[in-house]
Amino acid sequence: MHLEYLKQANKALEKNSGLLWKKHSDTFSSWLKEQVRIDDSSNNESDMLKWLAYGPRRDATSYTGYIINGKRFHIKDVERKTQNSGVSMQASTMCRSSAKDSNQVVDVVTYYGVLKEIIVLDYRVVQMPLFRCDWVNVSNGMKVEDGFTIVNLHQSQNRFRQDPYILASQAKQVFYAREDENSSWYTVLQAPPRGLYDYDESCEIDEDTTSSFQISINELNLEEPHVRLDCEGTFVQD
């Protein structure tokens, strides 16, 4: 709906898919807030959608651990013996076949990174967890050798500094095995499927082991407050 609105408002966007998707990302949250007003009782939208469109509270909570999709994640700074900070996700991305190709197409790309921070936004009727990650540069920090994906975890992540967040529900867990002590390259190992371990799928906060602190949402540099509602998780820390 929003994409069609943008193309109707600016015919030039119909011929430039890259600019169209950038405009969509930059303006969707403000557009949604105008379409679904929190104080409008005449529409039939749910309270959930109204509060999501309105945006989160100005204070957020930061956690060091989280369980979601049957996987236990910890931020890199608190890892001990077990590695739980490896993250991957698949996203639709504008791609070119080469640097000289002016035509962009939407393709699904797998990104790999390291979990640095867990932020939970409060939308009053629901809480939404975000993962802030350092992401591998997909252009020259990732390769495939003998069927294995190899990533460079020590390369500069400046390219994704303005867009480091994903929904926790989007995260898949991976592990990284370093080639040798002097190498910047790591082999990506997929996490075991659910069922190998006895995970509790319920969504309850672990009051005994969870630590948290409040932060201002202004510190997060979040451009888009809209999120998905497809999964919830449990806060944890060893």
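Helix α2 bends by about 55 degrees at Thr27. This is a predicted model.

**Helix α2**
- The helix covers residues 17-35, which makes 19 residues.
- Its end C-alpha atoms are only 24 Å apart. A straight helix would reach 27 Å at 1.5 Å a residue.
- Asn16 caps the N-terminal end of α2. One of its side-chain oxygens lies 3.0 Å from the backbone nitrogen of Leu19.
- Buried residues of α2 include Gly18, Leu20, His24 and Thr27. Phe28, Ser29, Trp31 and Leu32 are buried too.

**Helix α3**
- This helix spans residues 47-54. Lys50, Leu52 and Ala53 are buried in it.
- Seen down the axis of α3, the buried residues fall within an arc of 165 degrees, so they line one face of the helix.
- The cover over those buried residues includes α2 and β6.
- Gly55 follows α3 and has a positive phi, near 110 degrees.

**Nonpolar cores**
- In soluble globular proteins, nonpolar side chains tend to be buried together.
- The largest nonpolar core here has 19 residues. Phe73, Val87, Leu115, Ile118, Phe131, Trp135 and Ile166 touch the most other members.
- Strands β2 (65-68), β4 (86-95), β5 (105-122) and β6 (127-135) each supply at least two residues of this core.
- β5 gives the most to this core, with five residues.
- Another core, of 10 residues, lies apart from the largest one. Among its members are Leu52, Ala60, Tyr165 and Leu167.

Definitions and conventions:
Residues numbered from 1 in each chain as written. Predicted model: local features only at pLDDT ≥ 70, side-chain atom pairs only at ≥ 80, totals over all residues. Heavy atoms only, no water. Core = buried A, V, L, I, M, F, W, Y, C linked by side-chain atoms within 4.5 Å. Buried < 20%, exposed > 50% of the residue type's maximum accessible area, 1.4 Å probe, protein only. Helix = DSSP H or I, 4+ residues; strand = E, 2+ residues; numbered from the N terminus. Expected span 1.5 Å × (residues − 1). Bend = angle between axes of the 7 residues up to and from the residue. Polar contact = N/O pair within 3.5 Å; in protein donor to acceptor, adjacent residues only side chain to side chain. Arc of directions from axis to C-beta. Contact = heavy atoms within 4.5 Å.
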